[in-house]
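Have the sequence and the 3D view open side by side while reading. The paragraphs go from the whole chain to single residues.

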Amino acid sequence: MHMGSISASWKYTDAGVLAVDVVIPETSDLKRAARKFYSMEYSTEVERFEQLLHELVLVPSVYFFGDAAPIHSAAVATADGTMLLAGTGGVGKSSAVLAFRKQKDIGFIADDISIVSANGQVFGNMAWPKIYGYNCVGNEMARELLRGRSLADQLHFHVKNRLNPSRVRRKLAPDRLYDSVVPDGKPLNTLFYLFREDVPNMALTQLPVESAVEMSIAVMESEYGVFHRHLNWEEYNSFGGNRTPILTMAQVRDKWRAIYRSAFSKAEIIKVGIPLDIDHARYQSEIVKIVTR
């Protein structure tokens, strides 16, 4: 699989151990500077490496595990267990988690991708939360987000934020955002599926397990389409080379369905209907009321 000029590959050793090879070519100072300028994040080298580790190694490796599956969701810990906030990109997962950071007895687990096991345990993914320009409207978030960053970094953020708040973001260590960080996770208690639709107000409805299972698969297929195409090409090439593919998408879907069904069957599942044009501040206020009800 490739991310720009960076490539990653997976194989099982003779001892049955999954090995991941990642090749990161050297780039010139000029190319690195240009990449930072045109990016959404103005990433430091450490932040870029963390992103590569997350997107090319950690999350794809979960596909090969027999007892766990990734789900496109944020996750927070409460006294009753884990709450997952699932949905498509941009639906409001990160905004919701940021709204919870001042709530007592709510701890951070994951921002974008969570890992669930068949017995309902939820784990974080080691990725730092992504904070967009629109998350900084009407609060002190921008000041905290840019604290300690270079003048060029701050200028980049403010200019891009003025042009389009949805096209600029930064990452921040979870322990700078939340009083409690729970990387080992807790058992799943509630799954909220965030769903943008034509409704006048936020609306809650029960969601069947099978609907949640199929929605979760559909979102992952969309969000991780690059890796899924890699698996499809692996299957194609295995036919031509008269060998067994290391993993197929059919196997992935079957495994995910079984794990999601088992994990979700132990949880309350609620669809949160979100008005298409809801104000960001109002959304954050309303989602806090829903989750802490």
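The model is a predicted one. Its secondary structure consists of ten helices and 14 strands. Along the principal axes, the C-alpha trace spans about 60 × 50 × 35 Å. A compact globule of 293 residues would have a radius of gyration near 19 Å, and the value for this protein is 20 Å, so the two agree. Of the 293 residues, 49% are buried. Contacts between residues at least 6 apart in sequence are made up, to 74%, of pairs at least 24 apart.

The surface comes next. The protein exposes about 14800 Å², and 55% of that area is supplied by carbon and sulfur atoms. Its charged side chains number 34 positive and 33 negative, and the centres of these two sets lie 5 Å apart.

Now to the aromatic residues. Across the whole structure, eleven aromatic pairs are found. One of them joins tryptophan 10 and phenylalanine 227, with 5.0 Å from centre to centre and 70 degrees between the planes, an edge-to-face arrangement. This pair links distant parts of the chain: tryptophan 10 belongs to strand E2 (residues 6-12), phenylalanine 227 belongs to helix H8 (residues 225-240), and the two are 217 residues apart. Residues under 20% relative accessible area are classed as buried. Tryptophan 10 has 9% relative accessibility and therefore counts as buried. Phenylalanine 227 has 1%, so phenylalanine 227 counts as buried too.

Another pair is formed by tyrosine 260 and phenylalanine 264, which counts as stacked because the ring centres are 5.4 Å apart and the planes meet at 5 degrees. Both residues sit in helix H9 (residues 249-264); they are four residues apart, so about one helical turn separates them. Tyrosine 260 and phenylalanine 264 are both buried.

How do ring pairs link these residues into a cluster, and which residues belong to it? The cluster consists of Trp10, Tyr12, Tyr63, Phe64, Phe227, Trp256, Tyr260 and Phe264.

Tryptophan 256 lies in helix H9. Its relative accessible area is 0%, and tryptophan 256 is therefore buried. Leaving aside residues up to four places away in sequence, tryptophan 256 touches Tyr63, Ala69, Pro70, Ile217, Met220 and His228. The C-alpha atom of tryptophan 256 is separated by 8.0 Å from that of alanine 68, although the two residues are 188 residues apart along the chain.

The last stop is the backbone of two loop residues. Where is aspartate 105 placed? Aspartate 105 is in the loop between helix H3 (93-99) and strand E7 (107-110). Its phi is near 65 degrees, a positive value in a residue other than glycine. With 66% relative accessibility, aspartate 105 counts as exposed, the cut-off for that class being over 50%.

Asparagine 242 is found in the loop between H8 and H9. Phi of asparagine 242 is near 55 degrees, which is likewise a positive value in a residue other than glycine. Is asparagine 242 buried or exposed? At 74% relative accessibility, asparagine 242 counts as exposed.

Terms used:
Residues numbered from 1 in each chain as written. Predicted model: local features only at pLDDT ≥ 70, side-chain atom pairs only at ≥ 80, totals over all residues. Heavy atoms only, no water. Rg over C-alpha atoms; globule rule 2.2 N^0.38 Å. Buried < 20%, exposed > 50% of the residue type's maximum accessible area, 1.4 Å probe, protein only. Contact = heavy atoms within 4.5 Å. Areas by Shrake-Rupley, 256 points an atom, 1.4 Å probe, with all protein chains shown as cover. Lys, Arg positive; Asp, Glu negative; His and termini not counted. Charge placed at Lys NZ, Arg CZ, Asp CG, Glu CD. Phe/Tyr/Trp six-rings, centres within 6.5 Å; stacked < 30°, edge-to-face > 60°.
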